[in-house]
Amino acid sequence: MSTPQFYFAWVDSDQTTFDPSTMLRMDEDIFSFERKHDEGQVCTLSIVIKNPRIGLLNAGRKLWAWFAYRKANGTVVPLFFGVLVGVPSDMFAELITLKFNARPHDY
């Protein structure tokens, strides 16, 4: 049995189908996360990462992400696909929180 593992991949907005052959990677070192889906609201994902000290909304950067989980039995389950919704409030902190909304890519 393998150890459960999480994956986070920055992707283009049109990569709406999870592809394990290219998306099983950790593009950011995630310290914690919270996935939330309140009734009548869009699903959200908050992740705490080490501050990359670069512009997260710079032109040419990918703003969409897949978040997935590998179960102990080896099965990979995509948990979230969404878009970065803004920059963190404290860009000078060592750890920052990124927030994503699960929306269609053409929203």
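**Close-up views of a predicted model**

**View 1. Asn-51 sits in the loop between strand E3 (44-50) and strand E4 (64-70).** The model is predicted. Asn-51 has a relative accessibility of 7%, so it counts as buried, the limit being under 20%. Its side chain makes polar contacts with backbone atoms. A polar atom of the Asn-51 side chain lies 2.8 Å from the backbone nitrogen of Arg-53. The side chain of Asn-51 also reaches the backbone oxygen of Met-91, at 2.5 Å. Leaving aside residues up to four places away in sequence, Asn-51 touches Met-91, Phe-92, Ala-93, Glu-94, Leu-95 and Ile-96.

**View 2. Six strands form an open antiparallel sheet.** The strand order is E1-E4-E5-E6-E3-E2. Strand E1 (5-11) and strand E2 (30-36) stand at the edges. Each has a single partner strand, so one side of each is left without a neighbour in the sheet. From one strand to the next, the twist averages 30 degrees. Strands of a sheet pair through backbone hydrogen bonds, either parallel or antiparallel.

**View 3. Strand E3 pairs with E2 and with E6.** Six bridges join E2 to E3, and the two run antiparallel. Within this pairing, Ser-32 has Val-48 of E3 as its bridge partner. Seven bridges hold the antiparallel pairing of E3 and E6. Here Lys-50 stands opposite Leu-95 in E6. Leu-95 is also among the residues that Asn-51 touches. E3 is mostly covered, with five of its seven residues buried.

**View 4. E4 and strand E5 (residues 76-84) run antiparallel.** Seven bridges join the two strands. Trp-64 has Val-83 as its bridge partner in E5. Val-83 also belongs to a core of ten residues.

**View 5. The largest nonpolar core holds 14 residues.** Which of its members touch the most other members? They are Phe-8, Trp-10, Ile-47, Leu-98 and Phe-100. At least two core residues come from each of E1, E3, E4, E5 and strand E6 (95-101). In soluble globular proteins, nonpolar side chains tend to be buried together.

**View 6. Aromatic rings pair around Phe-8.** The count of aromatic pairs comes to ten. In one of them, the ring centres of Phe-8 and Trp-10 are 5.2 Å apart and the planes stand at 85 degrees, so the pair is edge-to-face. Phe-8 and Trp-10 are buried. The rings of Phe-8 and Phe-100 also pair, with centres 5.8 Å apart and planes at 65 degrees. An angle over 60 degrees counts as edge-to-face, so this pair falls in that class too. The pair links distant parts of the chain, with Phe-8 in strand E1 and Phe-100 in strand E6, 92 residues apart. Phe-8 and Phe-100 are both buried.

**View 7. Four aromatic residues form a cluster.** Ring pairs link Phe-6, Phe-33, Phe-67 and Tyr-69.

How values were computed: Residues numbered from 1 in each chain as written. Predicted model: local features only at pLDDT ≥ 70, side-chain atom pairs only at ≥ 80, totals over all residues. Heavy atoms only, no water. Helix = DSSP H or I, 4+ residues; strand = E, 2+ residues; numbered from the N terminus. Buried < 20%, exposed > 50% of the residue type's maximum accessible area, 1.4 Å probe, protein only. Polar contact = N/O pair within 3.5 Å; in protein donor to acceptor, adjacent residues only side chain to side chain. Contact = heavy atoms within 4.5 Å. Pairing = 2+ DSSP bridges. Axes fitted to C-alpha atoms, helices over the stretch in contact; angles between N-to-C directions. Core = buried A, V, L, I, M, F, W, Y, C linked by side-chain atoms within 4.5 Å. Phe/Tyr/Trp six-rings, centres within 6.5 Å; stacked < 30°, edge-to-face > 60°.
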